[in-house]
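Reader: I'm new to looking at protein models. Could you walk me through how to read one?

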Amino acid sequence: MKNNDEVRDIVDKLTLDEKIGMIHGAAFFRTEGVARLGIPPLVMSDGTMGVRQEFKPGTWKPAKHSEDAATYLPCGSALASTWNRSLAFKAGSVLGEEARGRGKDIILSPGINIKRSPLCGRNFEYLSEDPYLTGEIAAPYIRGIQEWDVAACVKHFAANNQETERLWVDVRVDEKVLREIYLPAFYDAVKKGGAACVMAAYNRLYGRHCSMNHYLLNDILREEWGFGGLVISDWGGVHDTVKTAEGELDIEMSVTNDFDNYFFADQLKIAVREGKVSEKAIDSKVGRILALMMQLHMLGGQRKKGCYNTQEHRETALAIARESVVLLKNENSRLPLHPEKIHRLLLIGENADLKHADGGGSAEIKALYEITPWMGISSLLGGNTEITYAQGYFREVKKSDSDADWQEKSLENGGGRVSRGEKESKIMERKREKLRREAIAQAKDADAVIFVGGLNHDIDSEGKDRQDMRLPYAQEELIRELLEARPDTVLVFIAGSPVEMNSFIQKADAIVWSYYNGMEGGTALAEVLFGKTNPSGKLAETFFKHLSDCPAHALGEFPGGTAVEYKEGRHVGYRFSERFDVAPAFSFGSGLSYTSFSIEDALYNPSAGTVRCTVRNTGLSGGKETVQVYRRIRDEGGFCRELAGFEKVEVPAGENRAVKIVLREIEEEDQELYIGDSLLTSVKI
Ligand code: GLC
């Protein structure tokens, strides 16, 4: 109660001008403080892969400071592929400590929107297609951030599942589906993670912008969930002074530097003076801001100092990267490669040598460094192996993709779709053929060949969606020719979202998948390829064979027009592929290991809401396995599975470990639970 009284006392001392200054951006990443009362500004920063660089005041031009580089963490999709809750906590803890170390009060992370389509440009930032897995990773991540007296700001609330027309698109989704698929992870973020802030999404929901959506912010967030924290707009996501101020949004942020013209600035002052907005509504917003400041020890008291770019943080980034790499295919024991048998290694593909930290939009990171696959492999093999590199393909970078002030223009167009580049000119085609020929020629003499391709942040980026799932830059042609010349070529893909693999998936022995994996991504990848790390990543999204197999495209709409209909309903990802027998290229939850495991003696205890089992490592190397429990539910006249619990465990070779899985809270007690295809017996204890 003390805090409430203190808050009230402070609010009573504030003038209207001072209150207004506290609820809108006074710069791109901070609000105004009230010096005379010792109230500091509220300072924010992106993002989902680390603490973003500083900008020149009032501009989106990098300040180019010497001390604002940061630890570049694996992206959200990589973190989710670890299926490791404690690593999620550690990732959050690194982000929180670095944010504090850089003087931030709010970090605009995690991004947890459901992956409805593989084309969404921001999928790399998001976690999964499954709301339960998303919540189970987001909650500890948020707790990790907030242990550093920094507020997490979970985003983008809600149903922001595409970039095309993101500022205006009206999402039309059945309310039951909204509550079953698109809201639960935010509920977990708030209730289990204790998120102190929520970012209202750009888009409209049922016709109304999220920033002024009474159903979303008041009925659900405030009333049903009891959320007492801050609701912050996305940058430029407010469109009306009165309707928004009378609602539950607390702070307006935007991308233009006419801060006094913001909807929550002079216009709001006039609206209050004219009685169109009650000052009481302003007081509630200011009260929540002050309450957050108290929670973060900003108004006196001992506040954590934080620090950034530490060795410990880099070790955490590496630990996450190691557990996020997914071994999709491994036949003829192609992997791991044996260094002692390789004197000449050929690396082919731009992604062997490309850094990804400073791309993707607001998630961009000015990394202290970034280990590419080539650097990681070189450092692992040392000088005894001759490593040669063939570019194999090239990406055409359009000017617009590298505009430093893209964010300032981000309100001009509501987010468009990435163009597939100009039609390939004859010159480009000839250049591609030449690169392919050179790569193939070199492949013939190498002891081993590793192709590293995929996507990059010219494609996986905020503000745009892909047009299809095809690999760009004629990579498929190169892969086809490579597998002809060297069937033992190891294929490695680095990307933020799935790509079509139909033209080579049967021919290739080994396929390895890595999301944008942070500053130590190349180290982790090298360790997996050469067996120093046994891969344990599992897909947190379905890799469909064809875009047309994805429910948003098969049954629903993507990206729609001014409105988008989620006609696929709850059938998102594996809920569709399994329910309608649409075999994917690689399934949700799949990922291989260099060892083998058996799961035995599984028992389901309905009254305890747990499953216990034994995981036995039946192979020759230690490894980690994620036991996944699915429940079988009725679904429109049929049945389908949905994830009901999981636990990751490390088991040395030849040993076994007991595992206890706490199932997600569900209404009905007795249900059919499966691990793999085996139905669990339930035991009444
Ligand atoms: C962007 C993004 C949001 C980000 C914010 C600040 O437009 O949608 O995720 O945190 O603006 O850069």
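This is a predicted model: local features need pLDDT of at least 70, side-chain atom pairs count only at pLDDT 80 or more; totals for chains, interfaces and linings use all residues.

Reader: Okay. Which domains is the protein divided into?

Author: There's domain 1 (1-41 + 197-295), domain 2 (311-538) and domain 3 (595-684).

Reader: How many residues of domain 2 are in contact with domain 3?

Author: On the domain 2 side it's 4 residues, and they touch 9 residues of domain 3. The C-alpha centres of these two domains lie 34 Å apart.

Reader: What is the area buried between domain 2 and domain 3?

Author: Buried area is the accessible area that two parts lose on being put together, summed over both. Here that comes to about 510 Å², with carbon and sulfur atoms giving 31% of it. On the domain 2 side, E323, N534 and K538 supply 79% of what that domain buries against domain 3, more than any other three residues.

Reader: How many salt bridges does the rule find across that interface?

Author: For a salt bridge, look for a side-chain nitrogen of Lys or Arg within 4 Å of a carboxyl oxygen of Asp or Glu. Across the interface of domain 2 and domain 3, the rule finds 3. As for the side of domain 2 that touches domain 3, its residues divide into no nonpolar, 2 polar and 2 charged.

Reader: Now the ligand. Why does it lie between domain 1 and domain 2?

Author: Check who contributes to the shell. Both domain 1 and domain 2 give residues to the shell around the ligand, so the ligand lies between them.

Reader: How many residues surround the ligand, and which are the closest?

Author: The ligand has 15 residues around it, the closest being D46, H156, Y202, D234 and Q407. By class, that shell has 5 nonpolar, 3 polar and 7 charged residues.

Reader: Where do polar side-chain atoms come up to the ligand's oxygen atoms?

Author: One is in H156, where a polar side-chain atom lies 2.7 Å from a ligand oxygen. For E462, an N or O atom in the side chain is 2.9 Å from an oxygen atom of the ligand, and for R166 a polar side-chain atom lies 3.5 Å from one. On its own the ligand has 310 Å² of accessible area, and the protein covers 100% of that.

Notes:
Residues are numbered from 1 along each chain as its sequence is written. Side-chain values use heavy atoms; hydrogens and water are left out. A residue is near a molecule or strand if one of its heavy atoms lies within 4 Å of it. A polar contact is a pair of N or O atoms within 3.5 Å; within protein, one must be able to donate a hydrogen and the other to accept it, and residues adjacent in sequence count only if both atoms are side-chain atoms. Accessible areas come from the Shrake-Rupley method with a 1.4 Å probe; for residues, only the protein chains shown count as cover. Ala, Val, Leu, Ile, Met, Phe, Trp, Tyr, Cys and Pro count as nonpolar, Asp, Glu, Lys and Arg as charged, and the others, Gly among them, as polar. Domain bounds come from an automatic or database domain assignment. Contact means heavy atoms within 4.5 Å. Buried area is the accessible area (1.4 Å probe) that two parts lose on being put together, summed over both.
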